[in-house]
Amino acid sequence: MTAKKFKTAFIAHVPDADPERDRCKIETSLYELTSILVGDDRQALKVCEELAQGGVHSIILCPGFTHKTIGEIIEATKEKVGISVARGDDPSTRIALKAMEEAGWFKTQ
């Protein structure tokens, strides 16, 4: 008998991401974590729909997702996938934003 794995995914917004290229998977005998970078909400919705169809049980979203988009993702996954959002406290958020700004994250194209 093959043990069923708990499958989860982490989705993060990154300005220059290509979800087809920018992904990886880490597995153990019981757990499978797929990380995928997306450039915008449209890509995130498509990726989440695909993950739900592929049997993912849980999706963790980066802090950059709005409540509206989270709702759209819940609808797109037909409420069959647990959706969580990674949020930090205020000092942690400021530290992360500073590092992102220094990396050029918020430059306009």
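## Surroundings of Thr 34

In this predicted model, Thr 34 touches Thr 8, Ala 9, Phe 10, Cys 24 and Lys 25, when residues up to four places away in sequence are not counted. The residue belongs to strand β3. Thr 34 counts as buried because its relative accessibility is 9%, and the cut-off for burial is under 20%.

## The five-stranded sheet

The strands form an open sheet of five members in the order β2-β3-β1-β4-β5, and their pairing is mixed. At the edges are β2 (23-27) and β5 (82-85), each of which pairs on one side only. On average, neighbouring strands of this sheet are turned by 20° against each other, with direction ignored. Strands of a sheet pair through backbone hydrogen bonds, in either a parallel or an antiparallel sense.

The parallel sense applies to strand β1 (residues 6-13) and strand β4 (residues 58-61), which pair over four bridges. Within this pairing, Ile 11 has Leu 61 of β4 as its bridge partner.

## The nonpolar core

The largest nonpolar core has 17 residues; those touching the most other members are Ile 11, Val 38, Leu 51, Ile 59, Leu 61 and Phe 65. Two or more residues each are given to this core by β1, β3 (31-38), α1 (41-53), β4 and α2. Helix α1 supplies the largest share, four residues. In soluble globular proteins, nonpolar side chains tend to be buried together.

Leaving aside residues up to four places away in sequence, Ile 11 has contacts that include Ile 36, Val 38, Val 47, Cys 48 and Leu 51. Also among the residues touched by Ile 11 are Ile 59, Ile 60, Leu 61, Cys 62 and Phe 65.

Helix α2 (residues 67-76) lies across β4 and β5 and runs at about 165° to β5. Which residues of α2 are buried? They are Thr 69, Ile 70, Ile 73 and Ala 76. These residues lie on the same side of α2 because they cover an arc of only 120° around the axis. An α-helix has 3.6 residues a turn, so residues three or four places apart point the same way.

The cover over the buried residues of α2 includes α1, β4 and β5. On the face turned away from the buried side, α2 carries the exposed residues His 67, Lys 68 and Glu 75. Just after α2, Lys 78 adopts a positive phi of about 55°.

Key:
Residues numbered from 1 in each chain as written. Predicted model: local features only at pLDDT ≥ 70, side-chain atom pairs only at ≥ 80, totals over all residues. Heavy atoms only, no water. Pairing = 2+ DSSP bridges. Axes fitted to C-alpha atoms, helices over the stretch in contact; angles between N-to-C directions. Contact = heavy atoms within 4.5 Å. Core = buried A, V, L, I, M, F, W, Y, C linked by side-chain atoms within 4.5 Å. Buried < 20%, exposed > 50% of the residue type's maximum accessible area, 1.4 Å probe, protein only. Arc of directions from axis to C-beta.
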